[in-house]
Amino acid sequence: MNQDKNWKGHLCMLTACAAWGLMSPLGKDAMDHGISGLSMVSFRMMGAAVCFWLTSLLGKRHEEVSPRDLFMFFFAGMLAIVFNQCCFTIGLSITSPVNASIVTTTMPIITMILAAIFLKEPVTNKKVMGIFCGAIGALLLIFGSGHSDTQGNIIGDLLCVTAQCSFAVYLTIFKKLIQKYSVITCMKWMFTYATIVVLPFSYNELARMQWTSIPITTWMETAFVVFVATYVAYILMMNGQKTLRPTIVSMYNYVQPIVACIVSVLTGLGTFGWGQALAVILVFSGVWLVTQSKSRAEMKQEALKNNNKC
């Protein structure tokens with residue numbers, strides 16, 4: 001049963017990261033054609049909050065959340081949504097997609113360190129090898145993609161780094177809270193808090209937006225970012241987070257450059273060769289190695305068995 005849950009968790013994370021991989025080029029294009037970074041963040045938060053509340057109201061199951069957990073959902077929402085989305089989306093709007101992709105490779109390393117500090121998860125040789133194997137594969141894809149748009153911005157890059165750190169802290173600290181409630185309950189409260197915090201800062205910008213002058217393709221790209229890369233992807237990510245360890249969840253960040261590579265090949269903007277094939281193998285080998293590394297609970301069980309034998 002646990003094995004089935006793990007496979008479902010891996011599939012959820014793979015699909016969510018594929019959606020996030022598509023979000024970078026589509027979101028960047030939308031922000032280049034009339035929608036500011038802060039406006040895009042607001043659309044993501046408000047749109048997802050509405051979708052999660054509608055899903056909650058239409059569903060049969062209603063969960064009561066304790067006042068203490070409602071308070072904790074506020075901080076989870078700040079880390080997983082407000083700081084993560086604001087910093088990454090605004091950072092992406094002023095730096096290059098290539099730089100933003102490179103920065104995402106830092107999350108598994110940050111998560112591994114935080115999981116070791118807060119959750120006492122062991123830093124095993126397999127885990128370290130897996131993380132760096134995946135990072136090398138992701139960087140091979142990014143640097144071998146042949147993009148000419150590599151003009152970055154130090155402030156944008158730092159904002160993207162902050163987004164990765166924020167999400168890594170969320171994955172580490174709030175795992176028990178997320179396991180306690182259904183995905184929809186968690187998300188509706190987190191996105192509601194995020195909307196309440198961000199809307200006062202973005203209201204003036206939304207009011208000044210030239211809504212009628214924005215192309216229909218830009219609105220379609222924005223709809224993809226809001227519905228697929230936020231609402232659907234967060235449901236999948238939360239399901240993955242319930243069954244997988246924080247470091248394994250963060251490892252799926254390395255899937256995003258693979259998606260970017262596939263999109264560039266399908267659209268005729270890039271080619272798929274031996275270098276890209278090697279990078280894909282390295283990424284998934286890295287994910288497999290981290291999956292095979294032993295958790296703290298597994299190490300404790302082994303120690304108890306050895307003691308009993310003695």
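Predicted model: local features only at pLDDT ≥ 70, side-chain atom pairs only at ≥ 80, totals over all residues.
Helix H7, residues 154–173, is the top contributor to the nonpolar patch, with three residues. Ile155 sits in helix H7, and its relative accessible area of 52% makes Ile155 exposed.

Before going on, here is how to read the model. Residues are numbered from 1 along each chain as its sequence is written.

**The overall fold**

What secondary structure does the chain hold? There are 14 helices and zero strands. Helices (H or I, at least four residues) and strands (E, at least two) are DSSP runs, numbered from the N terminus. Of the 310 residues in the chain, 51% are buried; buried means under 20% relative accessible area, exposed over 50%, and partly exposed in between (1.4 Å probe, protein chains only).

**Spaces inside**

The structure holds two cavities of 30 Å³ or more. On a 1 Å grid over the protein atoms alone, a cavity is a set of points where a 1.4 Å probe fits but cannot get out, and lining residues have an atom within 4 Å of a point. Grid points are joined across faces, edges and corners, and a volume is the space filled by probe spheres set on the points.

By class, the lining of the largest cavity has ten nonpolar, seven polar and one charged. Here Ala, Val, Leu, Ile, Met, Phe, Trp, Tyr, Cys and Pro count as nonpolar, Asp, Glu, Lys and Arg as charged, and the others, Gly among them, as polar.

The second largest cavity holds about 40 Å³ of space. Its lining residues are Met23, Gly27, Met31, Met40, Arg44, Thr89, Leu92 and Val225. The elements that give two or more residues to this lining are H1, helix H2 (37–58) and H3, and H1 gives the most, with three residues.

**A salt-bridge network**

How many salt bridges does the structure hold? There are two, a salt bridge being a side-chain nitrogen of Lys or Arg within 4 Å of a carboxyl oxygen of Asp or Glu.

| Salt bridge | N to O distance |
|---|---|
| Asp69 and Arg68 | 3.6 Å |
| Asp69 and Lys180 | 2.8 Å |

Asp69 lies in helix H3 and Lys180 in helix H8 (residues 175–180), so this pair ties together parts that are 111 residues apart in sequence. Arg68, Asp69 and Lys180 are linked in a network of salt bridges. Is Asp69 buried or exposed? Asp69 counts as buried, at 3% relative accessibility, whereas Arg68 is exposed at 57% and Lys180 is exposed at 52%.

Note on methods:
Heavy atoms only, no water. 1 Å grid on protein atoms, 1.4 Å probe; cavity = no way out; pocket = protein on both sides within 12 Å on 5 of 7 lines; lining within 4 Å.
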